[in-house]
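The points are grouped by topic.

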Amino acid sequence: MDKSIPIFIPQQKIVSNGMIAMVFFLAAEIMFFAGLISAYIVNRSVAEAMPSIHQPRLPVEITALNTLFLLISFVTLFLFTRKFKAKINSTPLLIITILLGIIFLTIQGTEWVKLLRFGFTTSTSIYGAFFYTIIGAHALHVIVGLIILLYLFFSLRKESSSENAKNKVDICSLYWYFVVSVWPALYFI
């Protein structure tokens, strides 16, 4: 007697390969930022004064407003994903998210130029080196996030498979959520 055991093979993957790859990538990015932040905290704990009294103060107020723009982009992207999955026209929300990201980068770039004009550079002190390394790494992630969101915008216009489109939305959104979530920690330290 031959008793075969039926093997269940799911018709669809529970989680796409792209989503798994993004989760592993973001785990590595979390470790990257954790390393930068911990190095900064250790150096700050042994420094006499960080930043020194002779260096310009960071623009806390404008950066707070800039943080608000980035947090609002989190909300607009979240609303975009919900409406997209409900098959409601959500393209304006994606465009708003992209514009808020561009505004964030523009303000951040403007503030960097002002700090550089005041003489605050990477060679000014260890604080300057940490500031530009950590905030520069985040700015690079924002640029990549904007490229990903632009890719999403253009690919959704010609996507034929709704399941494939939902997968792209989930993966691209996850990256932007990461970029936005890292910023408050950077702002407060």
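F32 is partly exposed, because its relative accessible area of 38% lies between the limits of 20% and 50%. F33, by contrast, is buried, with a relative accessible area of 3%. The model described here is predicted.

**Aromatic residues**

- The rings of F32 and F33 have centres 5.4 Å apart, and their planes stand at 75 degrees, so this pair is edge-to-face.
- F131 and Y132 also form an edge-to-face aromatic pair, with 5.1 Å from centre to centre and 80 degrees between the planes.
- One aromatic cluster is formed by Y40, W112, F120, Y127, F130, F131 and Y132.
- In total, the count of aromatic pairs comes to 17.

**Overall fold**

- The chain contains five helices and zero strands.
- Read from the N terminus, the order of elements is α-α-α-α-α.
- Of the 189 residues in the chain, 38% are buried.
- Where contacts join residues at least 6 apart in sequence, 79% of them link residues at least 24 apart.

**Nonpolar core**

- In soluble globular proteins, nonpolar side chains tend to be buried together.
- The largest nonpolar core of this model comprises 43 residues.
- The residues with the most contacts inside this core are L77, F80, L94, I134, L152, W176 and L186.
- Two or more residues of the core come from each of α1 (17-46), α2 (60-85), α3 (91-117), α4 (126-157) and α5 (162-188).
- The element that gives the most to the core is α4, with 14 residues.
- Apart from its neighbours within four places in sequence, L186 is in contact with F33, I37, I134, I135 and H138.

**Packing of α1 against α5**

- The axes of α1 and α5 come within 10 Å of each other and cross at roughly 15 degrees.
- This angle is under 35 degrees, which means that α1 is roughly parallel to α5.
- The crossing of α1 and α5 is right-handed.
- On the α1 side, the residues that meet α5 are G18, M19, M22, V23, F25, L26, E29, I30, F33 and I37.
- On the α5 side, the residues that meet α1 are D170, I171, L174, Y175, F178, V182 and L186.

**Residues in the loops**

- P59 is located in the loop between α1 and α2.
- The relative accessible area of P59 is 18%, which is under 20%, so P59 is buried.
- When neighbours within four places in sequence are set aside, P59 is in contact with E111 and L115.
- P59 and W112 are separated by 53 residues in sequence, while their C-alpha atoms are 9.7 Å apart in space.
- K87 belongs to the loop between α2 and α3.
- With a relative accessible area of 65%, over the limit of 50%, K87 is therefore exposed.
- Most residues other than glycine have a negative phi.
- K87 is a residue other than glycine with a positive phi, near 60 degrees.

Note on methods. Residues are numbered from 1 along each chain as its sequence is written. This is a predicted model: local features need pLDDT of at least 70, side-chain atom pairs count only at pLDDT 80 or more; totals for chains, interfaces and linings use all residues. Side-chain values use heavy atoms; hydrogens and water are left out. A nonpolar core is a set of buried Ala, Val, Leu, Ile, Met, Phe, Trp, Tyr and Cys residues joined through side-chain atoms within 4.5 Å. Buried means under 20% relative accessible area, exposed over 50%, partly exposed in between (1.4 Å probe, protein chains only). Helices (H or I, at least four residues) and strands (E, at least two) are DSSP runs, numbered from the N terminus. Contact means heavy atoms within 4.5 Å. Rings of Phe, Tyr and Trp (its six-membered ring) pair if their centres lie within 6.5 Å; planes under 30 degrees apart count as stacked, over 60 as edge-to-face and the rest as tilted. Axes are lines fitted to C-alpha atoms, for helices over the stretch in contact, and angles run from 0 to 180 degrees between N-to-C directions. Angles under 35 degrees count as roughly parallel, over 145 as roughly antiparallel, 65 to 115 as roughly perpendicular and the rest as oblique. A crossing is left-handed if the near helix is turned anticlockwise from the far one by less than a right angle, and right-handed if clockwise.
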